[in-house]
Amino acid sequence: MSVITQLQTGSVAVVDYRCDAKPDDRPYTEMHRGYSVSYVRAGTFGCRTRGKTYELVTGSVLIGYPGDEYLCTHDHHVGGDECLSFQLSPQLIEAIGGDLRVWRSGAIAPQPELMVLGELAQSAADGRNDIGLDEVGTLFAARFMRQICGRPPSAVSARSADRRRAVEAAVWIDAHAHQPVSLERTARQAGLSPFHFLRLFAKVLGVTPHQYLVRSRLRRAARLLAEGTQPVTEVAYDAGFEDVSNFIRSFHRAARVSPRRFRQAARGHRKIFQVQLGLPA
């Protein structure tokens, strides 16, 4: 079993599990340490918990409740399985609301609303989009509750004071974009739980906090590329990106050219953007 923690905050942990167990391997009992929803992104396995047996396939969700024991089996598939698990704090569970008994459901079959978010989360874990893993983990948990309980979340208030709070949070994010900034840290600055802050920020400003953070970093990077001579690696780090390859992918998605070509365009190579815009040279 390979276990890689992709993200760890006070509200959400995202853990990548990859199991290579075979049908003749002896299963063993495990215990859920907290609340969790684990998206099966590949493979199949069985799970016995609370006197019931579930067969999980790609797209299914394994549900964890603190203290519950479970036993995973691999009787019907030889290729193992892969899960992306969102492990949630009690405070986040309380903020999301709903009947806590749903967390003892064991597992649920593939649901379209959860599958698309699971794939979005995997894309974020691989650095292929600009949504934060803590954000998508929170969204996945909230969508799970909505799916199980059968009711939409309560409306988000957008009063003048809430709008000001969202704008002030955006100003703070922009000022600190070159530093490590998490959803939890930003929510704390705004005086809200991460769940409520995420919903309010997105409603008022039209983007999630992490999307705004990435765009603030890209804006800073564009300025550094256009005005300075730093190597691309230094630009990435100075703008707040911790991974250079992720910076290059994000910048190329935004500018439609690489950071190096963007710098060339800033130095007077007009044809670079003329080609992008389909204009005559």
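**Aromatic pairs and an open antiparallel sheet**

The structure, a predicted model, holds 10 aromatic pairs, where rings of Phe, Tyr and Trp (its six-membered ring) pair if their centres lie within 6.5 Å, and where planes under 30 degrees apart count as stacked, over 60 as edge-to-face and the rest as tilted. One of these pairs is formed by F241 and F247, which is tilted, with 5.1 Å centre to centre and 50 degrees between the planes. Both partners are buried, F241 with a relative accessible area of 6% and F247 with one of 0% (buried means under 20% relative accessible area, exposed over 50% and partly exposed in between, with a 1.4 Å probe and protein chains only). Ring pairs also link Y35, Y65, W103 and F144 into a cluster.

Four strands form an open sheet in the order β3-β8-β5-β6, with antiparallel pairing; strands are DSSP runs of E with at least two residues, numbered from the N terminus, and two of them pair if DSSP finds at least two bridges between them. The edge strands, each of which pairs on one side only, are β3 (29-31) and β6 (52-56). Neighbouring strands of this sheet are turned by 30 degrees against each other on average, direction ignored, the axes being lines fitted to C-alpha atoms. Strand β3 pairs with β8 (residues 69-73) in the antiparallel sense over three bridges, and the bridge partner of T29 in β8 is L71.

Residues are numbered from 1 along each chain as its sequence is written, and side-chain values use heavy atoms, with hydrogens and water left out. Because the model is predicted, local features need pLDDT of at least 70 and side-chain atom pairs count only at pLDDT 80 or more, whereas totals for chains, interfaces and linings use all residues.

How values were computed:
Axes are lines fitted to C-alpha atoms, for helices over the stretch in contact, and angles run from 0 to 180 degrees between N-to-C directions.
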